[in-house]
Amino acid sequence: MAGLEFKNPKVQALRRLLADRSERHDAGCFVIEGPTSTAEAVRAGVTCLTQFVPEGSNAAIDGGGRVVPLAPGVIERVGSTKQPQSPLTVAELPRHDVAELLAAASFVIVLDRIGDPGNLGTIIRSAEAAGADAVIVTPGSVDPYNPKVVRSTASAIFHIPVLEAPFGDVI
């Protein structure tokens with residue numbers, strides 16, 4: 001039965017969103033892991049589309065999108081951590097216009113070629129705590145919506161605009 005789950009197009013799409021930067025950007029979606037982050041995303045107004053939860057669980061979050069139950073063990077095999085917390089929530093990537101954002105902002109953090117997901121998440125969390133208006137990462141940096149980055153922001157990514165732009169567009 002669980003083998004059939006992996007042939008499910010929704011599960012395949014979830015796996016690709018977790019694993020592939022270009023898939024996230026092509027689809028315009030990213031994955032949020034766990035009840036606390038999903039609830040915070042909902043509170044912050046992030047558009048959550050679908051929640052993947054273990055069959056028979058009460059892990060779904062109100063406002064977190066359509067609920068898709070998965071057979072036992074599937075979330076553990078699909079998730080990006082050894083013991084992923086459910087729900088795994090697919091949300092829309094926020095869209096920001098660099099020029100508009102810069103015109104309205106007084107404090108912007110610009111990061112050039114940050115390679116480590118944990119470091120980027122920590123910087124985003126710190127920028128939000130320091131009152132920055134936005135975080136901009138240059139091409140060559142880790143994807144700000146990589147699952148490891150999203151987790152390491154401790155939900156700060158839902159409260160501060162984070163976008164990618166070439167260095168020349170920000171100076």
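**View 1. N8 caps the N-terminal end of helix α2 (residues 9–19).** In this predicted model, a side-chain oxygen of N8 lies 2.7 Å from the backbone nitrogen of K10. Helices are DSSP runs of H or I with at least four residues, strands are runs of E with at least two, and both are numbered from the N terminus. Residues are numbered from 1 along each chain as its sequence is written, side-chain values use heavy atoms without hydrogens or water, and local features need pLDDT of at least 70. Side-chain atom pairs count only at pLDDT 80 or more, whereas totals for chains, interfaces and linings use all residues.

**View 2. Buried and exposed residues of helix α2.** V11, L14, L17 and L18 are buried, that is, under 20% relative accessible area (1.4 Å probe, protein chains only), with exposed meaning over 50%. These residues lie on the same side of α2 because they cover an arc of only 120° around the axis, taken from the directions from the helix axis to the C-beta atoms. Exposed P9 and A19 are carried on the face turned away from the buried side.

**View 3. The largest nonpolar core.** Such a core is a set of buried Ala, Val, Leu, Ile, Met, Phe, Trp, Tyr and Cys residues joined through side-chain atoms within 4.5 Å. Among its 24 residues, F30, L120, I124, V135 and F158 touch the most other members. Helix α7 gives the largest share, 3 residues.

Terms used: A polar contact is a pair of N or O atoms within 3.5 Å; within protein, one must be able to donate a hydrogen and the other to accept it, and residues adjacent in sequence count only if both atoms are side-chain atoms.
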